[in-house]
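Thank you all for coming. Please take a moment with the sequence and the structure before I start talking through them.

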Amino acid sequence: MPLEVLATNAIHILGGSDRGRVKNCEGPGCAGLFLDTTRGANRRWCSMNTCGNKVKKSRPAAGAPGKAPIRPADNVIARNG
């Protein structure tokens, strides 16, 4: 029964107008497919809890050695009363 539901949903999605919203996950080593239902069609990972977190953790931190973090106060010109 679950396989029938999966097959039916796949036929409706891949054969319908949403087929362009089926995307491959950008997670390293992930072969997952997902239906991007976001308004801007900008979803990148099959799951934020797995692939999204792995990618974000692998990025260098904003305060990595060699780069001074930009603070909002650095961009403000002081005004006298």
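Which side chains meet in a salt bridge at 2.8 Å, N to O? They are those of lysine 23 and aspartate 36, where a salt bridge is a side-chain nitrogen of Lys or Arg within 4 Å of a carboxyl oxygen of Asp or Glu.

Before I go further, please bear in mind that this is a predicted model, in which local features need pLDDT of at least 70 and side-chain atom pairs count only at pLDDT 80 or more, while totals for chains, interfaces and linings use all residues. Residues are numbered from 1 along each chain as its sequence is written, and side-chain values use heavy atoms, with hydrogens and water left out.

The search of the whole structure finds 2 salt bridges. In the pair I began with, which links distant parts of the chain, lysine 23 lies in strand β1, residues 22-24, and aspartate 36 lies in the loop between β2 and α2, 13 residues apart. (Helices, H or I with at least four residues, and strands, E with at least two, are DSSP runs numbered from the N terminus.) Aspartate 36 counts as buried, at 0% relative accessibility, whereas lysine 23 is partly exposed, with a relative accessible area of 23%; buried means under 20% relative accessible area, exposed over 50%, and partly exposed in between, with a 1.4 Å probe and protein chains only.

In another salt bridge, glutamate 26 pairs with arginine 44, and their closest N and O atoms are 3.0 Å apart. Here too distant parts of the chain are linked, with glutamate 26 in the loop between β1 and β2 and arginine 44 in the loop between β2 and α2, 18 residues apart. Glutamate 26 is partly exposed at 48%, and arginine 44 is partly exposed at 35%.

Staying in the loop between β2 (33-35) and α2 (48-58), we come to alanine 41, which is partly exposed at 34%. Leaving aside neighbours within four places in sequence, alanine 41 is in contact, meaning heavy atoms within 4.5 Å, with Arg21, Lys23 and Asp36.

Finally, let us turn to helix α2, whose buried residues are Cys51, Gly52 and Val55. They cover an arc of only 90° around the axis, so they sit on the same side of α2, the arc being that of the directions from the helix axis to the C-beta atoms. The face turned away from that buried side carries the exposed residues Asn49, Lys54 and Lys57.
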